[in-house]
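Me: I'm new to reading protein structures. Could you walk me through some features of this one, step by step?

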Amino acid sequence: MPQLGARQRRQLPDSAFAYIDGSGRRRLPINDESHVRNALARFNQVVFESETARDRARTRLLRAARRYGIVPIGFVEGQIRGGGPRSLPTGHVTFLVTDIIDSTGLLQQLDEGYGPVLADVRRLVRAAVRRHGGREVDARGDEVFSAFRRAPSAMVAALEVQRAISGHAWPNGTTVQVRIGLHSGRPTLTDSGYVGLAVHTVSRICRLAGGGEILLSGATVAAIGEEHPAGVSIEDRGPHQLRGVRETVTVFEVRGAP
């Protein structure tokens with residue numbers, strides 16, 4: 001397969017790549033038949049920012065394969081039939097959003113060392129989400145957005161994230177903290193992901209939290225019911241008027257350890 005030189009790569013349009021990450025880096029060239037075949041072989045080696053990003057890249061790659069008459073033998077069957085965003089939880093869903101506290105300050109402090117810290121935070125968050133049955137929906141900047149079928153699982157995952165972050169050995173004695181928001185609702189799932197008031201609400205709740213805190217809405221407290229581990233308490237933080245949300249939302253804080 002002919003290698004793309006830097007100049008050739010720059011001259012290609014964005015449509016000639018299956019995946020463009022959040023920083024604008026273009027991956028998996030699909031500009032001709034040989035590169036499509038190479039992208040099919042390398043797809044599972046790429047670290048995507050989110051499941052949504054993976055689904056979009058997979059769709060673009062399979063369309064390119066069809067255009068060149070390539071039958072993707074060897075491309076994992078589950079990749080072909082993965083269902084894309086439609087495989088995410090539907091109905092009554094609990095969202096979990098994590099956000100790094102003072103990421104700008106950390107970036108200024110660590111400079112090039114910030115990238116590995118961000119990668120470690122995402123790794124710890126993703127591990128907890130997967131372990132408790134959640135699905136990552138998106139990762140943008142310093143946030144990771146996940147969805148759970150069960151509210152109790154989302155709460156335990158959030159507790160595990162905070163425990164993992166606080167117990168991790170960060171470089172040069174750096175203090176890294178995340179805030180977490182949880183909210184339950186019935187969003188609409190489209191081909192591009194979730195839409196609806198629940199998505200905006202969970203983001204606003206996350207923004208209310210301080211470092212190391214887990215805040216959740218009254219809707220999530222109701223969905224959890226009595227299903228929380230011993231030693232975990234849920235404390236009322238009172239009603240809040242969230243930006244862009246018409247109704248007042250009562251916010252609670254989770255304390256304790258799973």
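**Reading the model together**

Reply: Happy to. Leaving aside neighbours within four places in sequence, Leu215 is in contact with Ile180, Gly181, Leu182, Ile205, Leu208, Ala209, Arg237, Val251, Phe252 and Glu253. Keep in mind as we go that this is a predicted model.

Me: Which strand does Leu215 lie in, and is Leu215 buried or exposed?

Reply: Leu215 is part of strand 9, residues 214-217. Its relative accessible area is 1%, and buried means under 20%, so Leu215 is buried. Sequence distance and distance in space are two separate things to read: Leu215 and His183 are 32 residues apart in sequence, and their C-alpha atoms are 8.8 Å apart in space.

Me: What does Ser217 touch, not counting residues up to four places away in sequence?

Reply: Ser217 is also found in strand 9. Its contacts are Leu182, His183, Ser184, Ile205, Val249, Thr250 and Phe252. Ser217 counts as buried, at 1% relative accessibility.

Me: Which residues of helix 8 are buried, and what covers them?

Reply: The buried ones are Ala198, Thr201, Val202, Ser203, Ile205 and Cys206. What covers them includes strand 3 (93-100), strand 5 (143-148), strand 6, strand 9 and strand 11 (249-255).

Me: How many residues does helix 7 have, and how many of them are buried?

Reply: Helix 7, residues 151-167, has 17 residues. Its reach from first C-alpha to last is 25 Å, close to the 24 Å expected at 1.5 Å a residue. Helix 7 is mostly covered, with 13 of its 17 residues buried.

Me: How do I describe two helices that pack together?

Reply: Two packed helices are described by the angle between their axes and the distance between the axes. Take helix 6, residues 114-131, with helix 7: their axes cross at roughly 150 degrees and come within 9 Å. Angles over 145 degrees count as roughly antiparallel, and helix 6 and helix 7 are therefore roughly antiparallel to each other. Their crossing is right-handed.

Me: Which residues of helix 6 and helix 7 meet?

Reply: From helix 6 come Val121, Leu124, Val125, Ala128 and Arg131, and from helix 7 come Ala157, Glu160, Val161, Ala164 and Ile165. By class, this contact has 8 nonpolar, no polar and 2 charged residues.

Me: At what angle do helix 2 and helix 3 pack?

Reply: Helix 2 (residues 33-42) and helix 3 (residues 51-67) pack at about 140 degrees, and their axes are 10 Å apart. Helix 2 and helix 3 are therefore oblique to each other, and their crossing is left-handed. Val36, Ala39 and Leu40 in helix 2 meet Leu61, Ala64 and Ala65 in helix 3. That contact consists of 6 nonpolar, no polar and no charged residues.

Me: One last topic: how should I read phi angles?

Reply: Most residues other than glycine have a negative phi, and most peptide bonds are trans. Leu28 is a case with a positive value, its phi being near 55 degrees. Leu28 lies in strand 2, residues 26-29, and is buried, with a relative accessible area of 2%.

Me: Where is Asp102 found, and is Asp102 buried or exposed?

Reply: Asp102 is in the loop between strand 3 and helix 5 (103-110). Asp102 counts as exposed, at 53% relative accessibility. Its phi is positive, about 50 degrees, although Asp102 is not a glycine.

Notes: Residues are numbered from 1 along each chain as its sequence is written. This is a predicted model: local features need pLDDT of at least 70, side-chain atom pairs count only at pLDDT 80 or more; totals for chains, interfaces and linings use all residues. Side-chain values use heavy atoms; hydrogens and water are left out. Axes are lines fitted to C-alpha atoms, for helices over the stretch in contact, and angles run from 0 to 180 degrees between N-to-C directions. Helices (H or I, at least four residues) and strands (E, at least two) are DSSP runs, numbered from the N terminus. Angles under 35 degrees count as roughly parallel, over 145 as roughly antiparallel, 65 to 115 as roughly perpendicular and the rest as oblique. A crossing is left-handed if the near helix is turned anticlockwise from the far one by less than a right angle, and right-handed if clockwise. Contact means heavy atoms within 4.5 Å. Ala, Val, Leu, Ile, Met, Phe, Trp, Tyr, Cys and Pro count as nonpolar, Asp, Glu, Lys and Arg as charged, and the others, Gly among them, as polar. The expected span of a helix is 1.5 Å times one less than its number of residues. Buried means under 20% relative accessible area, exposed over 50%, partly exposed in between (1.4 Å probe, protein chains only).
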